[in-house]
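Me: I have a model open and would like to talk through a few of its details with you. Can we start with the charged pairs?

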Amino acid sequence: MTRRAHLAAFSGLLATCLASGPPCLTNTAAASTVANMSSVAGMSAHAASASRVATKSSAQSGPIAVSLTGSTPPTLKSGDSLSLSVQVRNTGSTPLTNATARISVAKRALDTLEVQSRWIAGDVAMTNPVTATTKVTTLAPGASTNVTVTIPANQLDVSFSMATMPLQVDVTRGGATATIRSFVTTQADSTTFTPMSTSVVIPITLPADPKLFTASGRERFDAWNKAIGPDSDIQRLLASNPGAPVTWMIDPAVLDPAAAQDGSLPTEAAEDRATTSTPSSSSSASVSPGDTGSAGSTPSSSSASSTASTGSASPSNTAPSGASTSSTSSRDASSSPSSSSSSSSSSQDPAPATTVEALAADLVATLKDRPSGQQVVFTPYGDPDLSSLTADDRPPGSDAVLRRALARPLSPALKELSTTVVAAPAAPLSVSATNRLSQVWSSVLGGKPLIITPNVTLDGSDFVSASSAARRSTSGIPMIGYTSALSAPLSSDGADSDVEAGLREQAAGLALYQQFPSADRSLMVMGDRLGTTSPSRLAQVLSAIDTAPWMTTSALDVSSSRSAGTVAKLSTEAPASDGVWPRPSTQAFDARDLQRASRTLASLTQVAGAVVDGDDIVPAWSRNLDQLTSTRWRGTSPDVDELVQHASAAVSTIPEHVSVVPARINFFSDSGTISVTVKNDLARDVKDVSLTLTPRTYAVQFRSQPEPVTIKAKGQTTVRVPLAAQAASLVDVDARLTAANGVALGPDTSDTSPLRINARPTGTWIFWVLGIVALLVFCYGLVRGRKAGTRRRDELARDIQLEE
């Protein structure tokens with residue numbers, strides 16, 4: 001049997017009562033008042049004390065695995081029998097035979113969070129239980145079956161006005177027994193309740209998958225499709241209707257994907273996007289590249305937000321190979337005027353999304369169609385790890401990251417869902433961290449943040465002694481405390497079944513209710529920050545709250561925190577992280593990551609200065625790079641390292657996309673001009689590119705350097721450079737490209753040179769040619785003379801005589 005415990009703070013009075021025995025069960029107003037006063041008085045003295053609220057896993061022993069799949073009724077009253085549906089699975093390699101399922105209930109009160117935790121952990125014995133058994137049919141290896149076990153009403157003692165009693169399920173075969181420990185809540189018919197108003201907040205954040213921010217093309221689309229597509233956990237959760245009010249706390253990055261970190265800078269310029277974007281309906285406009293609201297210098301800077309948002313979409317970057325590049329969602333594509341007026345067309349399945357933006361649009365459309373009882377609030381963009389960014393030992397550069405995250409405004413489409421942005425740190429904050437967060441928040445956004453925090457931060461315990469979960473610090477910072485004991489059952493990590501989670505929710509709720517049974521109270525429940533709650537788990541927990549007469553579900557009232565009572569004293573040090581649920585793991589980033597990210601952004605800023613209309617490049621890329629400080633990475637440092645390394649490598653390759661085309665040039669002259677081609681493989685125009693040519697020997701000399709040129713995206717240009725040849729030689733030439741701001745462009749050519757000039761100046765080769773011609777004439781004369789021969793002596797004498 002496996003077990004998992006969750007720590008929750010508890011008051012000194014309850015700890016004292018526990019040491020002396022089970023607390024007296026009463027619902028009288030006088031006893032309630034005394035307990036209330038005593039608890040508050042002992043709270044500060046015992047703020048560090050803790051109780052464990054454990055989660056109970058589906059039990060397994062040997063070849064037997066068992067879990068609860070049903071419990072009727074939700075709360076026992078006099079005259080009710082208890083029926084449990086138990087799933088038994090054979091995990092062995094041989095048939096499971098002669099197994100017996102038994103349920104046991106003891107008349108013993110488990111009416112505090114601490115004693116409930118001890119029961120789950122096996123530290124409280126089951127004494128004098130009432131039991132019922134049934135046989136389990138033979139199960140083949142891997143097979144499972146459901147059996148129903150019932151304890152008749154006449155065997156159950158439900159004499160308490162309200163109580164939580166221990167429930168145990170055992171499935172035995174031979175020497176192997178699989179056990180589940182759970183709870184049965186009971187109430188007397190005459191008991192009346194003042195239900196605690198319970199608000200459920202479910203965080204929605206992206207999975208810790210670096211491919212969401214590092215991949216491009218088909219790989220990027222597949223990663224986003226897995227994260228937010230039709231078959232994703234997020235889409236199924238948001239599309240579900242749990243049947244009760246729920247608040248979705250959403251990271252805007254889920255609905256507003258940033259551009260991929262591609263070294264060719266595929267983000268579109270604002271004017272290009274304006275001419276290529278399709279007419280959008282309310283849904284398609286929500287994620288069109290121009291409406292992402294990705295990054296601006298200030299929230300009120302409309303021009304900054306409009307230009308910064310261009311980095312959120314690129315057809316070449318988001319669509320799979322051969323797919324449509326339209327950013328219009330599949331829902332909008334199918335909602336033509338004719339289809340909207342036809343009821344028959346609404347039954348047809350929409351075309352599958354082919355871009356990341358279309359996937360996000362579908363998710364936005366799902367939220368727009370949510371039931372009226374559901375509401376949306378947002379975290380800052382990327383769900384930054386506020387606990388780490390505001391801690392006393394925070395890495396250098398944390399404030400800059402936090403400011404950038406807060407400065408990114410919500411897009412118009414997201415503002416249609418909600419304009420409320422809350423601060424939800426993954427771990428409790430100290431007083432100094434709380435004030436630091438408030439200062440940065442106020443300087444960027446104005447006003448004070450609404451902080452969602454564990455109750456232990458506010459009261460030193462896992463319950464709120466006043467009537468509301470809302471609080472204000474002495475400096476006026478509004479806070480809402482969530483109850484860890486009620487939040488733990490929402491975990492969907494497979495440790496227990498949904499039914500078991502619902503029973504634990506009711507038991508913990510009753511323990512909290514009995515502390516102040518006559519008080520008009522409100523509590524908050526927080527879902528898991530590092531995982532997606534399953535729809536079935538959420539529905540079961542909400543049903544458990546609604547069916548328990550001591551609790552009722554309600555919408556989260558964020559406005560109430562503005563006028564709530566003041567916390568007497570926040571703890572100077574943050575409470576231990578293992579005392580809250582969801583239990584936070586360690587932060588993933590460190591000072592080295594922030595330093596590397598800062599250098600990468602500095603390099604990108606310089607490169608962007610060489611690009612035409614490049615103002616949106618840095619904000620768009622910083623959206624991705626700032627993801628390294630997101631809460632989602634807690635406990636997954638290697639993934640964060642991959643994100644930073646990819647960004648650094650991608651930025652370093654951007655200048656290499658502008659280069660000189662290698663060439664070998666024959667120059668047969670003393671002076672003249674040569675042509676050099678410069679190409680631009682970026683998806684953006686580059687401006688004022690200067691070319692500097694330097695020969696490696698003095699055989700040639702450039703009389704001047706070419707004027708700066710602008711090169712179109714994915715294009716090239718040719719420049720003419722005057723050259724003088726001083727000697728015949730084969731000369732390597734270094735070609736250096738620089739932007740107007742001094743950024744070096746082009747690849748490293750220290751080992752090789754892109755240009756090689758075969759110089760043959762006229763002053764040398766002409767004399768060689770003339771010498772060769774003279775030599776040929778001379779040789780011709782010699783040859784001809786030899787062929788004519790010498791004159792004979794008698795012929796010479798005859799010629800002389802004739803002259804005489």
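Me: How many salt bridges does the count come to?
Reply: In this predicted model, the count comes to 21 salt bridges. As background, side chains of opposite charge can pair when their charged atoms come close.

Me: Ok, take Asp 383, which residue does it form a salt bridge with?
Reply: Its partner is Arg 529, and the closest N and O atoms of the two are 2.8 Å apart. The pair links distant parts of the chain, 146 residues apart, with Asp 383 in the loop between β16 (375-378) and α14 (386-389) and Arg 529 in the loop between β20 (522-526) and α21 (535-547).

Me: And is Asp 383 buried or exposed?
Reply: Asp 383 is buried, because its relative accessible area is 4%, and Arg 529 likewise counts as buried, at 6% relative accessibility.

Me: Where do Arg 236 and Asp 233 lie?
Reply: Both lie in helix α6 (residues 233-239), 3 residues apart, which is about one turn of the helix. Arg 236 forms a salt bridge with Asp 233, and their closest N and O atoms are 2.3 Å apart.

Me: Which residues are linked in a network of salt bridges?
Reply: That network links Asp 496, Asp 498, Arg 504 and Arg 537.

Me: Switching to sheets, in what order do the 3 strands of the open sheet come?
Reply: The order is β17-β19-β18, with mixed pairing. The edge strands, each pairing on one side only, are β17 (451-454) and β18 (470-472). Neighbouring strands of this sheet are turned by 40° against each other on average, direction ignored.

Me: How many bridges join β17 to β19?
Reply: There are 4 bridges between β17 and strand β19 (residues 478-482), and these two run parallel; for Ile 452, the bridge partner in β19 is Ile 480.

Me: Last one, where does Thr 164 lie?
Reply: Thr 164 is in strand β12 (residues 162-173), and this residue is buried, with a relative accessible area of 0%. Leaving aside neighbours within four places in sequence, the contacts of Thr 164 include Arg 108, Asp 111, Phe 183 and Leu 510.

Definitions and conventions
Residues are numbered from 1 along each chain as its sequence is written. This is a predicted model: local features need pLDDT of at least 70, side-chain atom pairs count only at pLDDT 80 or more; totals for chains, interfaces and linings use all residues. Side-chain values use heavy atoms; hydrogens and water are left out. Buried means under 20% relative accessible area, exposed over 50%, partly exposed in between (1.4 Å probe, protein chains only). Contact means heavy atoms within 4.5 Å. Two strands pair if DSSP finds at least two bridges between them. Axes are lines fitted to C-alpha atoms, for helices over the stretch in contact, and angles run from 0 to 180 degrees between N-to-C directions. A salt bridge is a side-chain nitrogen of Lys or Arg within 4 Å of a carboxyl oxygen of Asp or Glu.
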